[in-house]
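Trainee: Please show me the model, and then we can go through it by question and answer.

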Amino acid sequence: MTKAPDTPARDVLARMLAFAEEAAPLALALRARGLDMTNKGPDLGQALTEADLAVSRLLHDRFGPDLIEEETAEELGKPAARALLDRDAWTFVGDPIDGTRPFAGGLPGWGVMVAACRAGWPRACVLSLPAWNEDRTGPARTERAEAAQGLLLAACDGQAFWAPTRGGRRAGSLRPLEPSARRTGHVGWLAVAAQRFTLDYGRGWFPWGEGGAIADAALLATGRLDATLSNHRLWDLAPLLPLYEALGFRLYHWPDLADPPAALVDLFDAELSAHDDLWLVCRDRAQAADLAGAIRLAGPVRMPGPVAHAAQG
């Protein structure tokens, strides 16, 4: 059922928090049982598990026709997505499991996330990374689903929040999350950006990444990155923007540092992708200019020829 435009943002936030409290334990339980991972077509970078589909169904159950989400977005198309996002009524944008490969591989850099949008832009969000607090003091091991410790991040009305989680459910109340004053010299650098761009670390920026877009956002929000990049798809970016904005970050286009369009959907092409573009997530224009100067377009990969092979042999 469509959420009326006068529904308070805090009520919408509560609805998204309730979804996360169901979705994260479900994903943990399915992972603990064991998963078969397939791929979406010939692109081996687009992984899919039964957990993606289960959380997708839960998204549809909880948000109904007011939803854009990864597993069914291609059927929706950009014109219909624009019509939903431009309304004064609330529209939800969800990613059932962001970071499917780390999820299926037993790594911590994955989670479930959803945004609430109205009048063309995301206004509130919830991100749950239920296995984020992995114990790294010894060899990797598989934890029981109910014992997994993680992190929940949220934003609403310009304020960011966080809470610890256990078994995918909050283990404490939401606490205000303030912008970090620490500087690390590191920038988020995910695989989708690394395919098209390179980073000149001689300019003082060093790449770091631990999974998908949600992991990148957690590192940035908690003061472990100074900035990050986005050339994601609609459902990867929309749930991050309210959190970024609440913590003082903005989007700057590379390389010209132009401001983003007024409508979220105009960041993306007809397939709701920004893979051929690049946006910098920075604190201010000076930081964005510094980072922009360290980024280069990646050239074609040169494979060694027969002579080189012979020399190597």
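Trainee: Which residues does the UniProt annotation "binding site" cover?

Mentor: The model is predicted, so local features need pLDDT of at least 70, side-chain atom pairs count only at pLDDT 80 or more, and totals for chains, interfaces and linings use all residues. Residues are numbered from 1 along each chain as its sequence is written, and side-chain values use heavy atoms, with hydrogens and water left out. UniProt annotations may be inferred rather than shown by experiment. The unreviewed entry lists Glu74, Asp95, Ile97, Asp98 and Asp236.

Trainee: Is Asp95 buried or exposed?

Mentor: Asp95 is found in strand β4, residues 91-98; strands are DSSP runs of E, at least two residues. Buried means under 20% relative accessible area, with a 1.4 Å probe and protein chains only. Asp95 has 1% relative accessibility, so Asp95 is buried.

Trainee: Leaving aside neighbours within four places in sequence, which residues is Ile97 in contact with?

Mentor: Ile97 is also in β4, and a relative accessible area of 1% makes Ile97 buried. Contact means heavy atoms within 4.5 Å. With those neighbours left aside, the contacts of Ile97 are Ala27, Ala51, Asp52, Val55, Glu70, Phe103, Trp110 and Gly111.

Trainee: How is α1 oriented to α2: roughly parallel or roughly antiparallel?

Mentor: Helices are DSSP runs of H or I, at least four residues. Helix α1 (residues 9-33) and helix α2 (residues 50-63) pack at about 160°, with axes 10 Å apart. Angles over 145 degrees count as roughly antiparallel. Therefore α1 lies relative to α2 as roughly antiparallel.

Definitions and conventions. Axes fitted to C-alpha atoms, helices over the stretch in contact; angles between N-to-C directions. Parallel < 35°, antiparallel > 145°, perpendicular 65-115°, else oblique. Buried < 20%, exposed > 50% of the residue type's maximum accessible area, 1.4 Å probe, protein only.
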